[in-house]
Amino acid sequence: MQGRELLIGVCGGIAAYKTAFLVSKLVQAGAGVTVVMTQSATELVGPKTFEALTGRPVGLDVFGLGAHPHIEPARRAELFCVAPATANVIAKAAGGLADDLLTTLLLAFEGPVLMAPAMNAAMWRKPAVQRNCRRLIDDGFVLVEPEEGYLSCGECGTGRMADPQRIFQVIEHTLAGRRTPDR
């Protein structure tokens, strides 16, 4: 993981707090991590949390800092992981829509993309969500399947974001098949 450059997208699911642990673990392993958040995600976890963990500014706006903030992070990163991936962002990605920084970067990014879905069990079971997930897999995305367990809505079922340790392992495995740019 040392010296690898990663892009982490955070969507507005309650599991966003788990992504702070994932980002911390990636940084501790030596990765350079840039975080981009949807507006909804900022309602759950403050951007300052991710800035403190990464030592980098958090991407929030298509027209943010830099000449091309909607492209530059995608050019630097070797891997893009969206965790949690909400039904909304999964649908946008499956349809090729880009109406915020995260979805614009998804379209601009040319490396491996991991999605870690997180949502209510009823939402996860919806045919439209399952169809969108199959579309992403067909398009080459890696899905880190949600887990079964207690959900924030008080129900039990499948929809919990995969454990951050599991996502970390999938990132490691995916990067193991890719050489670093300087080697």
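Arg135 is partly exposed in this predicted model, at 47% relative accessibility. Its side chain meets that of Asp139 in a salt bridge, with 3.9 Å from N to O.

**Arg135 and Asp139**
- Asp139 is partly exposed, with a relative accessible area of 47%.
- The N to O distance of 3.9 Å counts as a salt bridge because the cut-off is within 4 Å.

- Glu5 pairs with Arg56 in a salt bridge, and their closest N and O atoms are 2.4 Å apart.
- Glu5 belongs to strand β1 (residues 5–10), while Arg56 sits in the loop between α2 (47–54) and α3 (72–76), so this pair ties together parts that are 51 residues apart in sequence.
- Is Glu5 buried or exposed? Glu5 is buried, as its relative accessible area is 17%.
- Arg56, at 26% relative accessibility, is partly exposed.

**A pair within helix α2**
- Lys48 and Glu51 form a salt bridge, with the closest N and O atoms 3.1 Å apart.
- Both residues lie in helix α2, where three residues, about one turn of the helix, separate Lys48 from Glu51.
- Lys48 is exposed, at 63% relative accessibility, whereas Glu51 is partly exposed, with a relative accessible area of 23%.

Key: Residues numbered from 1 in each chain as written. Predicted model: local features only at pLDDT ≥ 70, side-chain atom pairs only at ≥ 80, totals over all residues. Heavy atoms only, no water. Helix = DSSP H or I, 4+ residues; strand = E, 2+ residues; numbered from the N terminus. Buried < 20%, exposed > 50% of the residue type's maximum accessible area, 1.4 Å probe, protein only.
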